[in-house]
There are 2 protein chains.
Amino acid sequence: MDISDLTPEPISYLAQAAYVQLGAFQGLSAAVAAAPNLSSKEGLSLAAGRALTKHHGLIAEIRRRGAEPSEVMAAFAPALDHFHRITAGNDWHELLLSCYLTAGLLDDFFARLSGGLPSDVGPRVAHVLAEDAGTEVLVHELQVGIAADPMLASRLAMWGRRLVGDTLLVARSAMHASGDLPADESRIEPVFTELIAAHTRRMDGLGLTA
Amino acid sequence: MDISDLTPEPISYLAQAAYVQLGAFQGLSAAVAAAPNLSSKEGLSLAAGRALTKHHGLIAEIRRRGAEPSEVMAAFAPALDHFHRITAGNDWHELLLSCYLTAGLLDDFFARLSGGLPSDVGPRVAHVLAEDAGTEVLVHELQVGIAADPMLASRLAMWGRRLVGDTLLVARSAMHASGDLPADESRIEPVFTELIAAHTRRMDGLGLTA
């Protein structure tokens with residue numbers, strides 16, 4: 001599906017994509033700090049490093065276009081900080097699920113949207129975002145936790161349903177809107193359908209009902 | 001100064017050095033999360049990434065010697081977790097000073113100690129530890145904070161004095177002891193003198209009395 005007409009202007013795109021990766025890094029760092037054992041710390045710290053590398057890759061693109069990253073990201077910080085706060089979860093497993101599902105959906109979304117960027121930046125951004133996020137450790141830890149505690153599965157299923165709604169709002173606000181509401185809805189709808197389908201596959205992979 | 005006779009056996013060295021870098025990463029990640037603005041977040045996240053890279057470089061050396069990192073680090077985790085807890089500080093500036101001074105001293109210490117490792121691992125470890133820690137951002141933020149608040153300078157000077165004591169204990173416990181106490185003291189003493197001199201230069205650079 002070509003969603004390039006929904007891509008905002010490059011600086012706006014880069015600022016949001018970079019700040020989303022910073023948020024992913026912060027979530028994964030918190031998961032490292034709270035990890036119950038050293039082997040999960042190792043895997044989670046690798047994933048945190050991957051998000052950080054993406055963040056710095058996108059920051060570099062902002063500088064390359066002559067803008068100051070902290071200035072252009074500032075406009076998006078309040079909404080994204082709020083998003084990260086409400087998706088942080090109440091315990092370690094909720095945080096892990098959040099890291100997995102929100103990064104999965106948003107990496108996917110921004111990668112698709114990068115097709116609408118100018119050719120001097122889009123391919124490099126696509127490359128940055130396509131790097132392995134190292135999130136197998138999240139799947140593994142979630143599967144272990146779910147297998148040990150059936151109650152956790154139902155709690156996480158509910159948590160996953162809530163996360164997808166909040167995450168789609170972030171995606172929606174990052175898309176360029178023409179201002180013609182019915183037309184915008186009809187362009188955005190199929191994108192959401194695909195993002196939700198991928199989200200459902202992630203939930204299925206964990207044995208959770210989406 | 002040659003301190004190679006104080007180097008413990010390689011796995012013990014690598015496990016402690018790797019866990020120290022993990023602790024540095026966690027301290028810097030916490031500093032990113034608590035940073036008051038986006039430009040300090042950017043610098044701090046780079047420094048966090050550097051500590052993480054060192055951690056994973058040392059982890060790789062543990063694996064190369066056939067050991068499992070999480071197993072060999074576990075023996076040192078309680079003492080080092082305690083160290084990181086008591087050196088975390090009560091606010092952002094104390095945390096920054098701690099990240100700067102403890103990493104400065106311990107990177108320096110482990111780099112010197114790497115001279116006593118076998119030649120199939122020592123030079124690679126020295127290379128990993130010699131990578132720029134990206135800590136100029138810590139110096140910058142501390143200088144800005146101190147310039148804006150003279151009370152902060154005296155509080156941080158006291159905090160720095162406490163940090164050096166706790167950090168030297170970590171260094172001491174990482175050194176190989178012969179068991180002959182007077183002889184060990186006389187070997188360790190000049191190492192401590194050099195580490196403290198470098199610490200004093202770091203404090204001076206911040207305008208703090210060591």
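Copies here are superposed by least squares on the C-alpha atoms of residues with pLDDT of at least 70 in both. Done this way on this predicted model, chain A can be laid on chain B with an RMSD of 0.0 Å, using a turn of 180 degrees and a shift of 0.0 Å along the axis. The two copies are therefore related as by a two-fold rotation axis. The same surface serves both of them, since 100% of the contact residues of chain A recur in chain B.

Let's look at that surface. On one side are 23 residues of chain A, in contact with 24 residues of chain B. Helix 1 (10-33), helix 2 (38-64) and helix 3 (69-74) of chain A each give two or more residues to the side that touches chain B. Helix 2 of chain A provides the largest share, eleven residues. By class, that side of chain A divides up as follows:

| Class | Residues on the side of chain A that touches chain B |
|---|---|
| nonpolar | twelve residues |
| polar | nine residues |
| charged | two residues |

Over in chain B, helix 1 (residues 10-33) has 24 residues and reaches 34 Å from its first C-alpha to its last, close to the 34 Å expected at 1.5 Å a residue. This helix 1 of chain B is mostly covered, with 21 of its 24 residues buried.

Now for the fold of a single copy. Chain A holds nine helices and zero strands. Its radius of gyration is 17 Å, close to the 17 Å that the globule rule gives for 210 residues, so chain A is as compact as a globular protein of that length. The C-alpha trace of chain A spans about 50 × 35 × 25 Å along its principal axes, and 45% of the 210 residues count as buried. Among contacts in chain A with a separation of 6 or more, 79% come from residues 24 or more positions apart.

Methods: Residues are numbered from 1 along each chain as its sequence is written. Chains are lettered from A and ligands numbered from 1 in the order in which they are written. This is a predicted model: local features need pLDDT of at least 70, side-chain atom pairs count only at pLDDT 80 or more; totals for chains, interfaces and linings use all residues. Helices (H or I, at least four residues) and strands (E, at least two) are DSSP runs, numbered from the N terminus. The expected span of a helix is 1.5 Å times one less than its number of residues. A residue is buried if 20 or more other C-beta atoms lie within 10 Å of its own, exposed if 12 or fewer, and partly exposed in between; C-beta atoms are placed from the backbone. Two residues are in contact if their C-beta atoms, placed from the backbone, lie within 7 Å. Ala, Val, Leu, Ile, Met, Phe, Trp, Tyr, Cys and Pro count as nonpolar, Asp, Glu, Lys and Arg as charged, and the others, Gly among them, as polar. The radius of gyration is taken over C-alpha atoms; the globule rule is 2.2 Å times the number of residues to the power 0.38.
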